Amino acid sequence: MSVEALSGKVFLLVTGASRGIGRQIAITFGSLLQEGSHILLLARNLNALQEVARSIPSKVTVDAVSIDLSKSTKVTLEETISCSLNKATPDSFDRVVLIHNVGTFGDASKVANELTDLNIWREYYDLNVFIPIVLNAVVMNMFNRLTNIKKVVINLTSFYATEAGYGCAFYSTSQAAREMFFKVFTLENPDVDILSYSAGVVETDMLYEVSENLVDLNSKKQYKELLATKTALTPEQTVNRLVEILRKHKYKSADHVDYYDKL
């Protein structure tokens, strides 16, 4: 399957790549990349990352790095990418593809008026909003001087970014903030191809967590039923749909495209 967004020699960076959707993106995208491409997988669990790396064709160089992104800085992110590239230089690639997958749902057992701890809010936004913003800038700046290299950014988002969810103050606001950041970013960087992809309700560790802790009993019941009946999407299903969306490319940069949208 030919996908222009993944064509040529690609430098692919995936955050939260050790499990769930991030893991499947690394494996599926890795199988579509041409020889000489380079993948950098970031997450905390090194063993899980290495298992993902073994599932990617050997014609692609894969670097798995254990990192706590919530504690990262601009400098550590720059050093991590530079170390991964090793002797390769940014101009060795035709395209850079950045996948912002890292994120957590946050405490869904409380309503907004109970969320009064500023430190928890700051820690949550560090990982879910500020790190993607800073990482995005680091990658763009490292490759920015190269006028010919094409840049693709995929922001994993949710329907909660556009529709408020009861008990979802953390998740809804962070996803909305990320999407708005990329709308601003695309105005300032019209040469970068941006997609905010809403993956649907996918059977991941996050869904299991939310189905146990969500304060909204109606949604909690629905999620439990999806899991019990095995009718939630699989990571493979949603990533295959993402590939199809990229292949057809009927979206405008920074658009929110949902798994269920007709394209």
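The model is predicted: local features need pLDDT of at least 70, side-chain atom pairs count only at pLDDT 80 or more, and totals for chains, interfaces and linings use all residues. Residues are numbered from 1 along each chain as its sequence is written, and side-chain values use heavy atoms, without hydrogens and water. I noted that strand 6 and strand 7 (residues 255-258) pair in the parallel sense over four bridges. Strands are DSSP runs of E, at least two residues, and helices are runs of H or I, at least four residues, each numbered from the N terminus. Pairing requires at least two DSSP bridges between two strands.

**Entry 1: strand 6 and strand 5**
I then turned to strand 5 (residues 150-157), which pairs with strand 6 in the parallel sense over seven bridges. Valine 153 has isoleucine 194 of strand 6 as its bridge partner. Between these strands the chain passes through helix 5 (residues 169-188), and this β-α-β crossover is right-handed, that is, clockwise from the first strand over the helix to the second with the strands pointing away from the viewer.

**Entry 2: cover of strand 6**
I recorded seven of the seven residues of strand 6 (residues 192-198) as buried, meaning under 20% relative accessible area (1.4 Å probe, protein chains only). Val192, Ile194, Ser196 and Ser198 point one way, and Asp193, Leu195 and Tyr197 the other.

**Entry 3: serine 18**
I located serine 18 in the loop between strand 1 (10-15) and helix 1 (20-32). Serine 18 counts as buried because its relative accessibility is 15%. Beyond neighbours within four places in sequence, I listed its contacts, among them Arg23, Asn45 and Val52; contact means heavy atoms within 4.5 Å.

Notes. Buried < 20%, exposed > 50% of the residue type's maximum accessible area, 1.4 Å probe, protein only.
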